[in-house]
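Work through the exercises below with the model in view, and try each task before reading its solution.

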Amino acid sequence: LVDRPLLIGASTHPGEEELLLRVLRRLQGEVPTLLLLLAPRHPQRFLDVEQLLIRGEWRYQKRSQSPTRMKTEVEVFLLDTLGELSSFYHSAALTFVGGSLVKGPGGHSVVEPALSRTPVCFGPYTRNFSMVVEQLINANGGFEVRQEEDFYRQALPFFTNPHHAQEIGQRAYEVMKRGQGAVHRTMTVVQETLQLRDDISSTSH
């Protein structure tokens, strides 16, 4: 489905999509064929993110309406389905893991993209996966971003130098494999906690 340089915005929250779109516009100056895949964390936000794309006059396509073919002119692919995100990680040159640029969520899992040999980046708020994130940074398998200029500068080499993306992705994978037992246990606890939080949030609205 994806045969272009790909940036994934995984499990994104309000404010993160806007940053990713600004970075995409800048990166397109160097990599015109770059595609952004946006996967909002909560399904109830699919429509909000689509409206954001419409207001910005982005050429976009929704997964729910395009199961097999990607139009060549598309700039943003909106993953408005559930359970498919992990199948795209192996195609990405870089994955931004959401819930990490805003304080509340505490960051979502970096484990799946890293196990797919995909370089990962994230904001400063990663308390849910702080140990794994620290290991990724120390091994140069992932990096932290805080604002647009920082994101653009660090992301650009991943789309202009495939070897660089492969090398960093391999480092991310090796970090996960070394600590797979501990990572798996941490993931299980965190996912259960996040699911409980999501359940409580959904019942309160």
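**Exercise 1: Helix 5**

Solution: Helices (H or I, at least four residues) and strands (E, at least two) are DSSP runs, numbered from the N terminus.

This is a predicted model, in which local features need pLDDT of at least 70 and side-chain atom pairs pLDDT 80 or more, while totals for chains, interfaces and linings use all residues. Residues are numbered from 1 along each chain as its sequence is written, and side-chain values use heavy atoms, leaving out hydrogens and water.

**Exercise 2: Burial**

Task: which residues of helix 5 are buried, and what covers them?

Solution: Next, their cover includes strand 1 (6-12), helix 1 and helix 6, with contact meaning heavy atoms within 4.5 Å.

**Exercise 3: The core**

Task: which residues touch the most other members of the largest nonpolar core?

Solution: a nonpolar core is a set of buried Ala, Val, Leu, Ile, Met, Phe, Trp, Tyr and Cys residues joined through side-chain atoms within 4.5 Å. Of its 32 residues, L7, L21, L27, L38, L94, F151 and F159 touch the most other members. Helix 5 (148-160) is one of the elements that each supply at least two residues of this core. Leaving aside neighbours within four places in sequence, L7 is in contact with residues including L94 and F159.

Note on methods. Buried < 20%, exposed > 50% of the residue type's maximum accessible area, 1.4 Å probe, protein only.
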